[in-house]
Structures are given as C-alpha cells and as structure tokens.
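Please open the model in a viewer and keep the selection panel at hand.

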Amino acid sequence: MSNYQLGLIINSCISVITVTGVFAVTGLAGMFSLGQAGYLAISSYVTFILARTFGLPILVTAFIGVGLSALSAYVISVPTLKLRKDYFALITMGFGQMVTAMIVLLEKYTNGSIGYSKIPKVKSLFIIVIVITVLVVFCIRNLKYSRFGRMCIALKSDEIAAKSFGIDVYKLKLRMYVLASAIAGGAGILYGLKNRVILPDSFGWNLSAEMQIFLFFGGTNSITGAVLSGFFLKLMPELFRTVKLFGQSLQEYRTIIYCVLILLVINFRPNGMMGEHELSFAWVRSVFAKKKEHMKKGTSR
Amino acid sequence: MREPILKASDLSMSFGGVKAVDKFCMDLYPGEIRGIIGPNGAGKTTIFNLFSRIYQQDSGSIEFAGIVVDVKNQIEVAQMGLARTFQNIRLFSGLSVLDNVKVSLDFSGKYNLFEAMFLLPRRFKQEKETKERAYDCLCSLRLDQYASLKPSNLPYGLQRRVEIARALVSKPKVLLLDEPAAGLNPEEVFELIDFINELHAQNPQIAILVIEHRMDLIMNLCQYLYVQNFGNTIAEGIPTDIQQDKAVLSAYLGEEEA
C-alpha cells in the first residue's frame with residue numbers, strides 16, 4: 001500500500017477511536033457531549049510541547065497528556081453533570097471552544113493559529129494506531145457487556161428508576177465522561193503524530209459535531225455501528241477527492257453530504273444504521289443456522 | 001415485641017396549597033403484606049415516593065430497618081434494601097428482560113471499571129454469579145422463557161411481573177408495589193394475586209406494601225389496610241373491618257353519612 005493509503009487508514013482508525021469514546025459517553029450513558037475535540041486538543045498540545053521543551057520521550061509525555069485531559073474532564077463534569085442534558089451539551093460545547101481559544105491566546109507556547117509543528121516522527125505509526133484502535137474497541141465492547149454497561153443503559157432509559165435500584169447515577173456518569181475524555185486524549189496524540197502539525201482549527205466544534213454525527217449514523221446503541229460508521233464516513237470524502245462538482249472537489253461538500261445522510265438516517269432508521277444489532281460470533285452463527293434451516297425446508301432465499 | 005422494618009410517623013407533604021399527605025403514620029413488620037387504598041388523588045403514590053426518597057417530606061420522619069432515613073437519598077435507601085415498582089411500568093427499554101433483572105444486582109458488583117474493560121477473572125466470576133441469581137429469580141417466577149426478549153415486546157401483565165422480579169432479585173427487606181393491577185384485565189388480576197402470594201411464600205421475610213384501588217386484589221392479599229382520602233388516613237384495620245367502615249364507604253361510594 002502506498003503511504004497515502006496508509007495515511008487514510010490511520011485517519012479512519014483515529015476517527016474510530018474517537019467515535020468509540022463518544023459511544024461510551026453518549027451511546028451508553030446518554031450524555032450528549034459536544035466538546036470531545038477539546039480533549040483531543042489538550043492532550044496533543046500538552047504531549048508535544050512537553051516533549052519538545054523538556055526533551056522527554058513521547059511515551060512519557062503522552063501519559064501526562066492523556067492524564068491532563070482526563071483531569072480537565074473531571075473538573076468540568078463535577079459541577080455540570082447535575083444539570084439537565086441540554087445544558088450539559090451546551091457547556092461541553094463551550095468548553096471545546098474555550099480550549100481552542102486558549103490555544104490561540106497562549107501563542108508563546110503553542111504557536112497560536114499558525115500551528116504547532118515541532119512534532120517528532122514516529123516509526124511504524126500504522127501498527128501502533130491499529131493496535132490502539134483494536135484495544136480501545138475491545139475495551140469498550142467489554143464495558144458494554146459488563147455491569148457498568150448495563151447500569152449505563154439503565155440510566156439512559158430511565159434515570160429515576162435507575163436511582164431506585166441503587167445505581168449511583170452521578171458517579172457512573174462521571175466515570176464514563178472521564179473515560180471517554182481519556183480515549184479522546186489518546187486519539188489527539190495519534191492525530192498529532194500522523195499529521196505532524198496541529199492547529200487550533202483542527203480541534204474546533206465541527207470535529208466534535210462530526211463525531212456525534214458518525215455515532216448517530218451508526219446507531220447510538222451499537223458499538224459495531226459506531227466503529228463502522230466512524231471508519232467509512234471518515235474514509236468516504238477522501239475517496240471522492242477527485243470527483244468534481246460545480247468546479248470544486250466533492251470533498252468540499254462534506255458537511256452537506258453528512259447532513260443529508262443524517263436526515264436520511266433519522267427519517268428511515270431512527271436508531272441508526274445498525275440499530276441495536278451487534279456483530280458477534282453468536283449472531284453470525286445464528287444467521288448461518290437459519291440459512292441451513294431454510295435449505296432443509298427447501299425455502300432458501 | 002417485633003420491630004417494624006418500615007415506620008412512618010406524622011409524615012406530611014404538600015404541593016403548593018394541596019396537602020397530598022397529612023400526618024401519615026404506618027408500621028410495616030417483616031413478612032407482612034399491608035395495603036394502602038384510596039381514590040385517585042388521595043396521596044398514595046406520594047407516600048411511596050416519600051419512602052423511596054424521590055420526594056423530601058415537609059415534616060415527620062421515616063425509619064427504615066431501624067435507621068432514620070430523612071436525610072438519605074434515593075440511591076442510599078435502595079442500597080439499604082428498599083425496592084419498588086412503578087405505577088406506569090418503568091422497565092429499562094434498552095435492556096433485555098434478563099438484563100433488566102441483572103441490573104438491580106449491579107450496584108453491589110465487586111469488580112471495577114478496569115477489570116470490566118480488560119476481562120479480568122473477577123469479572124467472569126461475578127458475571128456468572130449475577131446471571132445465575134437473575135436466572136434463578138426469573139425461573140422461580142416462571143418468566144425464564146422471556147429472558148432474552150425486550151420488555152416492550154411483552155404483554156402488559158408480563159411486564160408487571162418482570163418489574164416485580166427486578167425489584168425482588170436483590171432480596172430487598174421491603175418491597176413497594178405501586179398499583180400492580182393498573183391496566184390489567186380481571187383475569188390477569190387473579191393471576192397477579194396468585195403471583196404475589198406465591199412470591200411471598202417463597203420469600204417469607206420480605207415485607208410488602210401495596211397501593212391499589214382494586215378492592216378484589218387488596219382484600220385477597222393484605223393482612224392490614226390503610227385507607228387514604230385527600231391526604232388523610234380515614235380508616236385502618238384488617239380488610240373485613242374496612243369493608244364495613246362507614247367513612248370508607250362514603251369516600252368510595254359517596255354515600256350520605258347516616
């Protein structure tokens with residue numbers, strides 16, 4: 001594969017990581033966060049600036065970066081999680097905007113809106129990204145089928161009923177939000193390593209919105225849907241880069257295409273493309289078993 | 001002398017100018033089934049919401065398992081062993097029947113977030129245990145055949161039973177049933193009476209408090225009744241006495257007082 005194709009896959013994998021993180025917070029716990037891009041920004045700026053200034057290895061500063069974005073998620077969520085859902089969405093969105101504004105203001109360290117480009121080159125980034133993606137998806141999948149996943153889905157369905165079964169709603173939401181932000185932080189570092197330059201604009205609210213769109217497209221209740229749509233919706237505009245419409249590359253119409261897709265999904269499949277289906281071995285087996293049954297009865301489709 | 005497991009003394013609560021509950025007193029002993037009856041708007045559900053701490057009372061106090069719970073919240077009393085059902089069934093729509101039952105055991109789970117994500121052995125052990133307990137509970141209430149279905153695909157009567165199973169699986173000290181017969185047809189009501197009697201025979205230590213305005217259900221089930229009207233307790237006693245009570249008859253049938 002050419003470097004360009006590898007780059008596309010890396011981009012899509014980073015998108016899968018962030019969407020999986022958003023799945024944990026929005027799909028499982030039902031919190032609509034519009035500020036996830038802020039955590040990508042915090043951790044990637046902190047990681048690379050520390051690595052550059054103090055000459056520390058990236059691996060060390062990456063932990064500090066992810067830790068800091070988890071910490072800021074904690075600080076943000078302690079007062080805001082008690083608010084109603086819509087206010088929570090607004091505040092997270094404001095937080096995301098605040099982070100990019102801060103980056104521009106702290107020009108001395110971040111190089112402002114010109115972008116920070118002193119990012120070291122990492123060998124075999126492709127393999128690292130693939131491994132981290134698989135690990136994150138694996139972890140969140142396990143989380144969904146654990147007691148935490150059940151409690152999250154319960155609190156999303158009915159908060160008062162969840163409380164009356166002893167579920168500490170506030171603590172659970174806090175944990176999920178911090179976890180999702182740490183995942184977003186990790187994705188931010190990979191993003192920096194891939195592009196070798198980070199701009200405040202690349203972590204604006206449209207990145208946060210994009211993640212939510214991907215999640216809703218795939219289906220908020222299905223991690224399979226989140227992963228697939230995170231991967232392919234990110235890849236799709238790149239594939240149409242050469243297609244021209246009204247003298248411009250089709251990629252420029254990305255936002256319009258996403259919006260149309262979302263409208264179609266909301267209209268025809270309100271639960272997203274995958275609904276509540278998950279790709280599992282049991283499911284594959286049951287499909288094959290059904291086919292066999294049909295064959296035996298002579299009614300194969 | 002036995003100690004009451006749930007005790008309300010002079011419980012009052014008003015919404016604006018309306019006194020929903022006025023100086024309500026009640027004792028509930030372990031192993032008993034008691035009922036609160038009364039017409040619509042008599043403050044029955046408010047009493048339940050006070051017990052499960054969804055509302056905070058204006059005055060009076062509640063004692064649960066020997067502890068005053070006036071300053072406790074909904075989550076704490078639930079963890080102390082107070083389980084309830086809701087008048088308009090509130091099963092978790094995103095979970096299967098089995099998961100709905102499992103989830104009420106989950107707050108006491110032993111494994112942490114990290115173990116959950118990386119599939120460590122403690123998770124397997126606990127998940128197996130939780131599944132067994134939930135499945136046993138469903139089996140004992142003859143609901144096991146519906147375990148993998150979504151609650152919204154079940155008929156109303158079965159949804160009620162699943163809700164009761166969900167409340168029961170954590171072996172609570174007190175079970176509050178809020179209008180279990182609402183929306184059921186007469187046949188389903190009889191099935192429900194058998195169902196509750198059966199589960200009480202299986203778990204004789206649980207104290208059950210039922211809200212209802214269907215007389216047939218309450219008379220067949222409860223050992224002791226409180227009759228509420230406009231927030232006040234107008235009568236209390238054993239069911240046969242209540243049926244003869246003048247004040248109750250006038251509240252229910254609108255009879256002129258003789």
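Two residues are in contact if their C-beta atoms, placed from the backbone, lie within 7 Å. This is a predicted model, in which local features need pLDDT of at least 70 and side-chain atom pairs count only at pLDDT 80 or more, while totals for chains, interfaces and linings use all residues. Residues are numbered from 1 along each chain as its sequence is written, and chains are lettered from A and ligands numbered from 1 in the order in which they are written.

**Chain A**

Select chain A, which has 13 helices and two strands; helices (H or I, at least four residues) and strands (E, at least two) are DSSP runs, numbered from the N terminus. The radius of gyration of chain A (taken over C-alpha atoms) is 20 Å, close to the 19 Å that the globule rule (2.2 Å times the number of residues to the power 0.38) gives for 301 residues, so chain A is as compact as a globular protein of that length. Of these 301 residues, 45% count as buried, meaning that 20 or more other C-beta atoms, placed from the backbone, lie within 10 Å of the residue's own. Among contacts in chain A with a separation of 6 or more, 79% come from residues 24 or more positions apart.

**The contact between the chains**

Next, display both chains: 23 residues of chain A and 26 residues of chain B form the contact. On the chain B side, the elements giving two or more residues are helix 2 (74–80), helix 3 (97–103) and helix 4 (113–117). Helix 2 of chain B provides the largest share, four residues.

**The four-stranded sheet of chain B**

Now select the open sheet with strand order 2-1-4-5 and antiparallel pairing in chain B; two strands pair if DSSP finds at least two bridges between them. Its edge strands are strand 2 (18–28) and strand 5 (67–68) of chain B. Strand 5 of chain B is joined to strand 4 (residues 59–64) by two bridges, and B:Val68 stands opposite B:Glu63.

**The six-stranded sheet of chain B**

Finally, select the open sheet of chain B with order 6-7-8-3-9-10 and mixed pairing. Strand 6 (82–84) and strand 10 (232–237) of chain B are its edges, each pairing on one side only. Further in, strand 3 (residues 33–37) of chain B runs parallel to strand 9 (residues 224–229) of chain B, joined by four bridges. Centre the view on B:Gly35, whose bridge partner in strand 9 of chain B is B:Leu225.

Notes: Buried ≥ 20, exposed ≤ 12 C-beta atoms within 10 Å, placed from the backbone.
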